[in-house]
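Subject: The two-chain model, and some notes on it

Hi,

Here is the structure I promised to pass on to you.

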There are 2 protein chains.
Amino acid sequence: MNEQSLIDLIKKTCPSNASVLLGIDDDAAVLKPTVRETLVCTDMLMDGVHFLVKEALPSAIGHKALAVNLSDIAAMGGRALSAYVSLAIPKDLTGEIFIQSFYQGLTDLARSFDVAIAGGDTNIWKGPLVVNVTVLGESHARGPVLRSGAKPGDKVFVTGPLGGSLSGHHLTFTPRLRESRELLDHYTIHSMMDVSDGLAKDLREITRQSGVKIILDKSSIPIQPHIATHKDSLQKAMTDGEDFELCFTLSSEEAERLKRDSKFSYCTEIGLVTEGEDLYFSGEKTAISWQGYQHGVKR
Amino acid sequence: MNEQSLIDLIKKTCPSNASVLLGIDDDAAVLKPTVRETLVCTDMLMDGVHFLVKEALPSAIGHKALAVNLSDIAAMGGRALSAYVSLAIPKDLTGEIFIQSFYQGLTDLARSFDVAIAGGDTNIWKGPLVVNVTVLGESHARGPVLRSGAKPGDKVFVTGPLGGSLSGHHLTFTPRLRESRELLDHYTIHSMMDVSDGLAKDLREITRQSGVKIILDKSSIPIQPHIATHKDSLQKAMTDGEDFELCFTLSSEEAERLKRDSKFSYCTEIGLVTEGEDLYFSGEKTAISWQGYQHGVKR
């Protein structure tokens, strides 16, 4: 397929929604004026770094390219509204099957969260597959949840088990948009981010931006069952990365309420926020030195 | 430099503005609510396709990556507000000099149009340089100008000379944001787009989306001086592409007013819109068959 026939195929399959006044077909998409703050995130995924074209299903690559961005919107407590998909496609992948499968994975996920695919840029070249997705969202009525809002006295939670993502989860995960929305509907969340570079690195980012110390309870970190018997299972859970669960902090009163709420039984308390800096395990005198997986640094 | 030190360097140099509540440093940027429609465009540029790393100045690559997007916002009649820059940087270009020069070109242009660099994603890999920029803007008080608004009776204009862009203009051009704004401030523009794939292909897009025919006056197409003596200068002006001038249509009354207005002396009338379809030269019975340069198809 040449570029124009790729576009025609893409246009037929892309969902829209009420936020989009004009999508694909002009120099820019046109979106409705907004009442709340707009959230914008962007992620570039490259063959050999974030996925392997030779091993992954094309639909899984399409899914992941959108999902990592939806996870960022979830981490802000927002709702995703529209996505913009740029592609550099190697010549040998321009067959209809690859592109259709890629977009199937991407649009299936988009539809399930009512996200419009409202624009993009499609190119063919000699290099490896590169996908860039930008997602626009709107913040929750309570405003965006930042990394910088953790307060001494807060409790730290995570929305699901961690580690071993490379065996498949990193391609197939469901971004925690619904969980994030429901949390904000019912609780005052002080700080939040998604676990993309590994819990150790990501929580350290919250301590740095909030000017606090976090003390984790080793035994309460939820670990993915398939790595639970691994000799370094805790380290893997804290450093493998691409878990795309949410970690967040809230006051101890809110935390007690949350733990009694059966609707949020997937949330696990893993530690507390105190005055100070850096990330520790309870009872240890030196900070956790584990780093995360650096597959691309978000700005 | 590793990825984190690249980010630190980038953060120091990036401009902000009043549209941005929170830029680089969280899972997503946070923008102020908007009164007018939001415009969104995105462009991916790849080494060997849109620029040559071996020949172009890094600052010129940075300039172009933002400029092509600003040109899209200009084509909608809008104002650019914020940009999001994703990079896949080959290992051998991660020296400070390349990155600093790249960002110098990009941020110089951003500052000259008061555009914030509010986010992005920086990666290092083994492949060639890939840059994706997404720009958000706001439409003019009169609303966005579309490709689909040309009307029979309209006159067709272009904002500057065309052709021969590959000799340098495609890397160094100034996006027509100021011209676009000033045109909309004073005239009712029916349709507009930027000349990226070549005037022939781009005007054909206006005819297709507006359901009209455009008849061009061969002798009035403005041609870049450095290709004027080329034997195929007209064809080059109409098909080389990457001119990033604006072509637009407006009523014949507005056109007469525009031609008398010395402030807009850079605008040249090149043809008229009639009922029908496709693109013709005046006096010829068959449609113009020239295609454009297909270096990536915008959706």
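Let me begin with a salt bridge inside chain B: the side chains of B:Lys259 and B:Glu256 meet with N and O 3.2 Å apart. Before I go on, please keep in mind that this is a predicted model. The two residues are about one helical turn from each other, because they sit three residues apart in helix α8 of chain B, residues 252–259. B:Lys259 is partly exposed, at 45% relative accessibility, and B:Glu256 is also classed as partly exposed, with a value of 36%. Salt bridges with shared partners also build a network, which takes in A:Lys11, A:Asp25, B:Glu205 and B:Arg208.

Over all chains, a search of the whole structure gives 38 salt bridges. B:Asp25 itself is partly exposed, at 24% relative accessibility.

Chain A has a salt bridge at A:Lys259 too, and here the partner is A:Glu269, with 2.6 Å between the closest N and O atoms. This pair links distant parts of the chain, 10 residues apart: A:Lys259 is in helix α8 (residues 252–260) of chain A and A:Glu269 in strand β11 (residues 268–274) of chain A. Both ends count as partly exposed, A:Lys259 at 46% and A:Glu269 at 22%.

Now to the interface. How many residues of chain A are in contact with chain B? There are 69, and they meet 68 residues of chain B. About 5,400 Å² is buried between the two chains, with carbon and sulfur atoms giving 55% of that area. Six salt bridges run between chain A and chain B, and 20 residue pairs across the two chains are in polar contact. On the side of chain A that touches chain B, strand β3 (residues 38–46) of chain A provides the largest share, eight residues. Sorted by type, the residues on that side of chain A come to 36 nonpolar, 16 polar and 17 charged.

If you want a place to look, A:Val40 has B:Ala29 as its bridge partner in β2 of chain B.

A:His170 is a residue I would like to show you. Its place is helix α4 (residues 169–172) of chain A. Is A:His170 buried or exposed? It is buried, because its relative accessible area is 7%, and the cut-off for that class is under 20%. Its side chain makes a polar contact of 2.8 Å with the side chain of A:Lys64 and another, of 3.3 Å, with the side chain of A:Glu242. Beyond neighbours within four places in sequence, A:His170 is in contact with A:His50, A:Lys64, A:Ser165 and A:Glu242.

Setting aside residues up to four places away in sequence, A:Arg142 touches A:Leu184, A:Asp185, A:His186, A:Tyr187 and A:Thr188. With A:Thr188 there is a polar contact of 3.1 Å between the side chains. A:Gly78 is 64 residues from A:Arg142 in sequence, yet their C-alpha atoms are 9.7 Å apart.

Finally, two backbone angles in chain B. Most residues other than glycine have a negative phi. B:Glu242, however, has a positive phi, near 55 degrees. This residue lies in the loop between α7 (233–239) and β10 (246–250) of chain B and is buried, at 6% relative accessibility. B:Asp278 has a positive phi as well, near 75 degrees. B:Asp278 is in strand β12 (residues 278–281) of chain B and is partly exposed, with a relative accessible area of 27%.

Best wishes

Key:
Residues are numbered from 1 along each chain as its sequence is written. Chains are lettered from A and ligands numbered from 1 in the order in which they are written. This is a predicted model: local features need pLDDT of at least 70, side-chain atom pairs count only at pLDDT 80 or more; totals for chains, interfaces and linings use all residues. Side-chain values use heavy atoms; hydrogens and water are left out. Helices (H or I, at least four residues) and strands (E, at least two) are DSSP runs, numbered from the N terminus. Buried means under 20% relative accessible area, exposed over 50%, partly exposed in between (1.4 Å probe, protein chains only). A polar contact is a pair of N or O atoms within 3.5 Å; within protein, one must be able to donate a hydrogen and the other to accept it, and residues adjacent in sequence count only if both atoms are side-chain atoms. Contact means heavy atoms within 4.5 Å. Buried area is the accessible area (1.4 Å probe) that two parts lose on being put together, summed over both. A salt bridge is a side-chain nitrogen of Lys or Arg within 4 Å of a carboxyl oxygen of Asp or Glu. Ala, Val, Leu, Ile, Met, Phe, Trp, Tyr, Cys and Pro count as nonpolar, Asp, Glu, Lys and Arg as charged, and the others, Gly among them, as polar. Two strands pair if DSSP finds at least two bridges between them.
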